[in-house]
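Subject: Structure for you to look at

Hello,

Here is the structure I said I would pass on. My notes on it follow below.

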Amino acid sequence: MQHKIPLLIVAGPTASGKTSLAIDLCEQYGGEVISADSMQIYTGMDIATAKPTAEQMAGMPHHLIGVIEPSERFSVMQYCALAHAAIADVHSRGKLPVLCGGTGLYIRAVIENWQLTEGEIVHDVIGTWEELREIDPQAAAKIHPNDSKRINHALALFRSTGVTLTAQNEQSQRLGTPYNARMIYLVADDRQLLYDRINARVDEMLAQGLVDEARAMPQGTAAQAIGHKELQPYLRGEASLEECVERLKMETRRYAKRQITYFGRLAKEMGGKCELQEIGA
């Protein structure tokens with residue numbers, strides 16, 4: 001049997017304590033952290049994306065933090081290439097790769113060894129579930145008709161490559177995963193506790209200078225990150241700071257709900273390879 005690389009995953013919603021747990025595990029098992037965050041990948045967004053502090057990264061190697069310019073477009077395919085390389089590098093030095101973040105799509109793509117194509121990053125597609133059902137009924141059956149992001153992703157792959165999402169997934173399954181992956185999922189049974197942590201984090205971000213960071217951020221993909229886009233009405237003089245902060249807290253809570261749904265599904269799929277840990281425990 002071909003040797004598989006051990007890979008530990010720390011996943012959960014925003015403000016759940018993933019970074020601290022990942023660092024603790026790395027210290028305990030001799031590992032290094034590889035970020036799985038679609039916004040921490042960008043430079044300059046230190047506060048809004050709650051990047052690990054300089055002290056944390058000085059004491060523990062972190063990979064894929066601040067390596068892409070905010071004006072650049074960045075795809076799942078590009079992330080997978082960087083993540084696979086980082087994991088291989090950490091493993092080659094006798095260290096344990098610890099994949100840590102809240103972007104479920106990135107984590108799934110890595111551990112399932114998705115085989116994606118360059119065309120994905122150059123086509124902006126807006127389509128309908130009915131259109132997807134005609135092209136790829138198996139994929140449509142697994143996607144809610146209102147899930148426009150996943151619908152458009154599947155259509156973009158087909159239009160740019162001529163290969164359906166189902167066919168690409170089947171190819172990934174044939175190739176198999178190079179990893180022996182285990183996941184620790186930080187669950188939020190006490191939802192109010194998580195929301196309180198989110199609200200406190202936003203207040204701390206403001207104290208650290210979030211408004212100035214948002215003001216300095218150039219337009220581009222990264223400018224749409226939660227924490228920057230909600231402050232734009234204030235920066236344009238269209239709303240008060242208090243109104244924008246409340247909007248930011250609300251949008252962050254909504255994002256956490258989506259993360260909980262996604263990771264809950266992934267945890268079930270992983271079964272015995274996933275350990276649940278209550279937030280704050």
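In which loop is alanine 50 found? Alanine 50 lies in the loop between strand E2 (31-35) and helix H2 (54-59). Helices (H or I, at least four residues) and strands (E, at least two) are DSSP runs, numbered from the N terminus.

Before the rest, a word on the source. This is a predicted model, in which local features need pLDDT of at least 70 and side-chain atom pairs count only at pLDDT 80 or more, while totals for chains, interfaces and linings use all residues. Residues are numbered from 1 along each chain as its sequence is written, and side-chain values use heavy atoms, with hydrogens and water left out.

Phi of alanine 50 is near 55 degrees, a positive value in a residue other than glycine. Most residues other than glycine have a negative phi. Alanine 50 counts as partly exposed because its relative accessibility is 22%; buried means under 20% relative accessible area, exposed over 50%, and partly exposed in between (1.4 Å probe, protein chains only).

Serine 38 is also in the loop between E2 and H2, and is partly exposed at a relative accessible area of 21%. Leaving aside neighbours within four places in sequence, serine 38 is in contact (heavy atoms within 4.5 Å) with Thr103 and Tyr106.

Helix H4 and its partners

H4 (residues 104-111) is mostly covered, with seven of its eight residues buried. Those buried are Gly104, Tyr106, Ile107, Arg108, Ala109, Val110 and Ile111. They pack against strand E1 (5-11), H3, strand E4 (96-101), strand E5 (179-187) and H12.

Two packed helices are described by the angle between their axes and the distance between the axes. Here, axes are lines fitted to C-alpha atoms, for helices over the stretch in contact, and angles run from 0 to 180 degrees between N-to-C directions.

The axes of H3 (residues 76-92) and H4 come within 10 Å and cross at roughly 60 degrees. That angle makes H3 oblique to H4; under 35 degrees counts as roughly parallel, over 145 as roughly antiparallel, 65 to 115 as roughly perpendicular and the rest as oblique. On the H3 side, Val76, Tyr79, Cys80, Ala83, His84 and Ile87 meet Leu105, Tyr106, Ala109 and Val110 of H4. By class, this contact has nine nonpolar, one polar and no charged residues. Ala, Val, Leu, Ile, Met, Phe, Trp, Tyr, Cys and Pro count as nonpolar, Asp, Glu, Lys and Arg as charged, and the others, Gly among them, as polar.

H4 and H12 (residues 241-270) pack at an angle of about 25 degrees, with their axes 10 Å apart. H4 is therefore roughly parallel to H12. The H4 residues Gly104, Leu105, Ile107, Arg108 and Ile111 meet Tyr262, Phe263, Arg265, Leu266, Glu269 and Met270 in H12. This contact has seven nonpolar, one polar and three charged residues.

Just after H4, asparagine 113 takes a positive phi of about 55 degrees. Asparagine 113 is in the loop between H4 and helix H5 (129-135) and, at 13% relative accessibility, counts as buried.

The cores

A nonpolar core is a set of buried Ala, Val, Leu, Ile, Met, Phe, Trp, Tyr and Cys residues joined through side-chain atoms within 4.5 Å. The largest has 60 residues, and those with the most contacts inside it are Ile9, Tyr79, Leu99, Ile107, Val110 and Met183. A second, separate core of 11 residues includes Ala48, Val202, Leu231 and Val245.

Regards
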